[in-house]
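Work through the exercises below with the sequence and the model open. Try each task before reading its solution.

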Amino acid sequence: MGKSILLINGPNLNLLGTREPHVYGHTTLSDVELSSCEVAASHGAVLDSFQSNHEGAIVDRIQAARGKVDGIIINPGAYTHTSVAIRDALLSVGIPFIELHVSNVHAREPWRHHSYFSDKAAGIIVGLGVYGYKVAVEHVCVNFEEKEKEA
Ligand SMILES: O=C(O)[C@]1(O)C[C@H](CCCOc2ccccc2)[C@@H](O)[C@H](O)C1
């Protein structure tokens, strides 16, 4: 069957490639999602992408992945710095996850230096631009375990 990966992007990341290119680059989110899908497929894995500007919708999507997904790659956006709710959802489903940030949050404003996710992440990728998504997908494909899936 191959591994199943869920890619989640949080608020305002739908603007990727259209605003603040000096910070986030010129690649659009749909291009990121397409190339992530292609990288997964090259490893015999399937990747589903989800983007929402709404915290509860992200919580719902994570809960729906329980028993169906081998790994999550999440860029929580600004929720990185605020959301205990999304942290709790990730812990509740027991799916290993990679935390990803396009920018180097540690070289930006101090309030971006804390994440509600990093201490529980299997790995953290920051500051590699959208290339980080390719690195994350490759890592999950090669290193995460494939689990028995619920029907
Ligand atoms: O660097 C990242 O990927 C961030 O997760 C992006 C968040 C911002 C998401 C907004 O993304 C935009 C992308 C393009 C244009 C405008 C916003 C920011 O709040 C985090 O501190 C770091």
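## Exercise 1: Classify N53

At 35% relative accessibility, N53 counts as partly exposed. The model is a predicted one.

**Task.** Say which loop holds N53, and explain why N53 gets its accessibility class.

**Solution.** 
1. Find the segment. N53 lies in the loop between strand 2 (46–51) and helix 3.
2. Recall the cut-offs. Buried means under 20% relative accessible area, exposed means over 50%, and partly exposed is in between.
3. Apply them. N53 has a relative accessibility of 35%, so N53 is partly exposed.

## Exercise 2: Distances from N53

**Task.** How far apart in space are the C-alpha atoms of N53 and N14, of N53 and T18, and of N53 and V32?

**Solution.** 
1. Take N14. N53 and N14 are 39 residues apart in sequence, and their C-alpha atoms are 8.4 Å apart.
2. Take T18. The sequence separation from N53 is 35 residues, and the C-alpha separation is 16 Å.
3. Take V32. Here 21 residues of sequence go with 17 Å between the C-alpha atoms of V32 and N53.
4. V32 is part of helix 2 (residues 29–42). Its relative accessibility is 2%, so V32 is buried.

## Exercise 3: The side chain of S115

**Task.** Is S115 buried or exposed? Which backbone nitrogen does its side chain reach at 2.9 Å?

**Solution.** 
1. S115 belongs to the loop between strand 4 (97–101) and strand 5 (123–126).
2. Test the cut-off. Buried means under 20% relative accessible area. S115 has 13%, so S115 is buried.
3. Follow the side chain. The side chain of S115 reaches the backbone nitrogen of F117 at 2.9 Å.
4. Find another partner. A polar atom of the S115 side chain lies 3.2 Å from the backbone nitrogen of S118.

## Exercise 4: Q63 and C141

**Task.** Which helix holds Q63, and what separates the C-alpha atoms of Q63 and C141?

**Solution.** 
1. Assign the helix. Q63 is in helix 3 (residues 55–64).
2. Classify the residue. Its relative accessibility is 47%, so Q63 is partly exposed.
3. Compare chain and space. Q63 and C141 are 78 residues apart along the chain, and 21 Å separates their C-alpha atoms.

## Exercise 5: The ligand site

**Task.** Which residues come nearest to the ligand? How much of the ligand's area does the protein bury?

**Solution.** 
1. Find the site. The ligand takes up the space of the largest pocket.
2. List the neighbours. There are 17 residues around the ligand, and N75, H81, V102, S103 and R112 come nearest.
3. Sort the shell. The shell divides into eight nonpolar, six polar and three charged residues.
4. Start the polar pairs at S103. A polar side-chain atom of S103 lies 2.6 Å from an oxygen atom of the ligand.
5. Go on to N75. An N or O atom in the N75 side chain is 2.8 Å from an oxygen atom of the ligand.
6. Finish at H101. An N or O atom in the H101 side chain is 3.0 Å from an oxygen atom of the ligand.
7. Read off the burial. Taken alone, the ligand exposes 510 Å², and the protein buries 94% of that.

Terms used:
Residues numbered from 1 in each chain as written. Predicted model: local features only at pLDDT ≥ 70, side-chain atom pairs only at ≥ 80, totals over all residues. Heavy atoms only, no water. Near = heavy atom within 4 Å. Polar contact = N/O pair within 3.5 Å; in protein donor to acceptor, adjacent residues only side chain to side chain. Areas by Shrake-Rupley, 256 points an atom, 1.4 Å probe, with all protein chains shown as cover. 1 Å grid on protein atoms, 1.4 Å probe; cavity = no way out; pocket = protein on both sides within 12 Å on 5 of 7 lines; lining within 4 Å. Sits in = over half its atoms within 2 Å of the grid points. Nonpolar A, V, L, I, M, F, W, Y, C, P; charged D, E, K, R; others polar. Helix = DSSP H or I, 4+ residues; strand = E, 2+ residues; numbered from the N terminus. Buried < 20%, exposed > 50% of the residue type's maximum accessible area, 1.4 Å probe, protein only.
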